[in-house]
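Subject: Structure handover and findings

Hi,

Here is the structure for you to look over. My notes follow below it.

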Amino acid sequence: MTESQRWFFLIVALVLGGLVYLLAPILSPFLVGALLAYLADPIADRLEAAGLSRTHSVVIVFIAMTTALVLLILLLLPKLGYQIQVLIESVPRVVELFETVIMPWLQVTLGLAPDAFDFAHIKQLLIGDWQKTGDIMGRLLGGITRSSMAVVAWIANLVLIPVVTFYLLRDWDVMMDQVKHLLPRNIEPRISLWARECDEVLGAFMKGQLLVMMALGAVYAIGLWILGLDLALLVGMIAGLASIVPYMGFFVGIVVAGVAAFMQFQDPVVLAYVGVVFMIGQALEGMLFTPLLVGDRIGLHPVAVIFAIMAGGQLFGFVGVLLALPVAAVIMVLLRHLHDGYKTSKLYASEQPEDPEQPEPLMNDN
């Protein structure tokens, strides 16, 4: 890469960063559409390889995605809203259980002072906040209704996402070829290699780990539903999302499900059944989900994912959250090549003295 090319790409990166910062309020539907197109492109490519035209392949994939999304909203959203309300109502009872059962046991076992926690104040705050939450949705809907521009913008974004997804998915391969042909000829092979590695890293996570998280959430939710837990769907979703970090979903889910089950059934035996559900989920993850959906591909490290999402949200808001994983994948690939270059450089492979037993003196005697 020549000096002028380095400066050119640096200027392009700075301009793109500035545009993202300035246009962040309107970029969300375009980024969501690009993300959906990226995830659906391999399916469309397979249908195209089977003999269908690109347009027909995209139409089939688009209809399938839209149908699945509508069914999820119609089936899950009402139940999820009800379970959130049940959770809010059970919070004061959890505090009371901790105050009357768990805290006396801790005082006897660990020797804690009786006034270590002001449960009366905590309960009052929780009950007050719970009473306020009942009016939050009404206030929110009222504010949106009073602002006609907010309603128009919200509807426009919802309509724009499927439109952007359809056209980007239809022209995805064409756009990638055009970008490839725009690259300078002397660095095109290297940039193409980096792009393929970024796609592998990002695909290993987004097309693999996210599917594992969804599968685990479904297993946990179904298992807890079979046990009769009222909060089965909510706990399953929480455990599935927490599975972004290995074993975090298991520990978070089993604690939340255990508390919810004990509060509902008042029977310690149910805790054993909850443990069985999560042990089955972990067994399926290790023996089926991860080998089948992720395989041997190396994706983003869980800590890198958490940091990237938090940093993107802090810097650019929701747009930064959407851009976090692609940018993290690019940085990971660049760091990998930087590491390889460092290991082969003179800075790393410095010359060693001929006799390892007699190291060269740092200073001459003279």
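Which residue forms a salt bridge with Arg54, and how far apart are the closest N and O atoms? The partner is Glu48, and the closest N and O atoms are 3.2 Å apart. Before you read on, note that this is a predicted model.

**Overall picture**

The protein chain has twelve helices and zero strands. Buried residues make up 27% of its 366 residues. The chain exposes about 24300 Å², and carbon and sulfur atoms supply 72% of that area. Residues 24 or more positions apart account for 72% of them.

**Salt bridges**

A search of the whole structure finds seven salt bridges. In general, side chains of opposite charge can pair when their charged atoms come close.

Start with Arg54. Its relative accessibility is 12%, so Arg54 counts as buried. Asp173 counts as partly exposed, at 28% relative accessibility. Shared partners extend the picture: salt bridges join Asp41, Asp45, Glu48, Arg54 and Asp173 into one network.

Another of the salt bridges is local. Glu3 pairs with Arg6, with the closest N and O atoms 3.5 Å apart. Both sit in helix H1 (residues 3–49), three residues apart, so about one helical turn separates Glu3 and Arg6. The general rule is that an α-helix has 3.6 residues a turn, so residues three or four places apart point the same way. Arg6 is partly exposed, with a relative accessible area of 44%.

**Helix H7**

Glu188 lies in helix H7 (residues 188–227). Is Glu188 buried or exposed? At 12% relative accessibility, Glu188 counts as buried. Leaving aside neighbours within four places in sequence, Glu188 is in contact with Lys180 and Leu183.

Leu224 is also in helix H7. Its relative accessibility is 0%, so Leu224 counts as buried. Which residues does Leu224 touch, not counting those up to four places away in sequence? They are Leu229, Ala232, Val235, Ala257, Val274, Val277 and Phe278. Leu224 and Tyr273 are 49 residues apart along the chain, yet their C-alpha atoms are separated by 8.8 Å.

**Ser243**

Ser243 is in the loop between helix H8 (232–242) and helix H9 (248–265). Ser243 is buried, at 5% relative accessible area, where the cut-off is under 20%. The side chain of Ser243 reaches the backbone oxygen of Ala239 at 2.8 Å. Beyond its neighbours within four places in sequence, Ser243 is in contact with Gln209, Met213, Leu216 and Gly249.

**Helix H11**

The geometry of H11 checks out. This helix (residues 302–316) has 15 residues, which at 1.5 Å a residue should span 21 Å. Its end C-alpha atoms are 21 Å apart, which agrees.

Which residues of H11 are buried? They are Pro302, Val305, Ala308 and Gly312. These residues cover an arc of only 125 degrees around the axis, so they are on the same side of H11. The buried residues of H11 pack against H7 and helix H12 (318–343). On the other side of H11, Val303, Phe307, Met310, Gln314 and Leu315 are exposed. Gly317 follows H11, and its phi is positive, near 70 degrees.

**Where to start**

Then turn to H11, whose buried residues pack against H7 and H12.

Best wishes

Key
Residues are numbered from 1 along each chain as its sequence is written. This is a predicted model: local features need pLDDT of at least 70, side-chain atom pairs count only at pLDDT 80 or more; totals for chains, interfaces and linings use all residues. Side-chain values use heavy atoms; hydrogens and water are left out. A salt bridge is a side-chain nitrogen of Lys or Arg within 4 Å of a carboxyl oxygen of Asp or Glu. Helices (H or I, at least four residues) and strands (E, at least two) are DSSP runs, numbered from the N terminus. Buried means under 20% relative accessible area, exposed over 50%, partly exposed in between (1.4 Å probe, protein chains only). Contact means heavy atoms within 4.5 Å. The expected span of a helix is 1.5 Å times one less than its number of residues. The arc is that of the directions from the helix axis to the C-beta atoms. Accessible areas come from the Shrake-Rupley method with a 1.4 Å probe; for residues, only the protein chains shown count as cover. A polar contact is a pair of N or O atoms within 3.5 Å; within protein, one must be able to donate a hydrogen and the other to accept it, and residues adjacent in sequence count only if both atoms are side-chain atoms.
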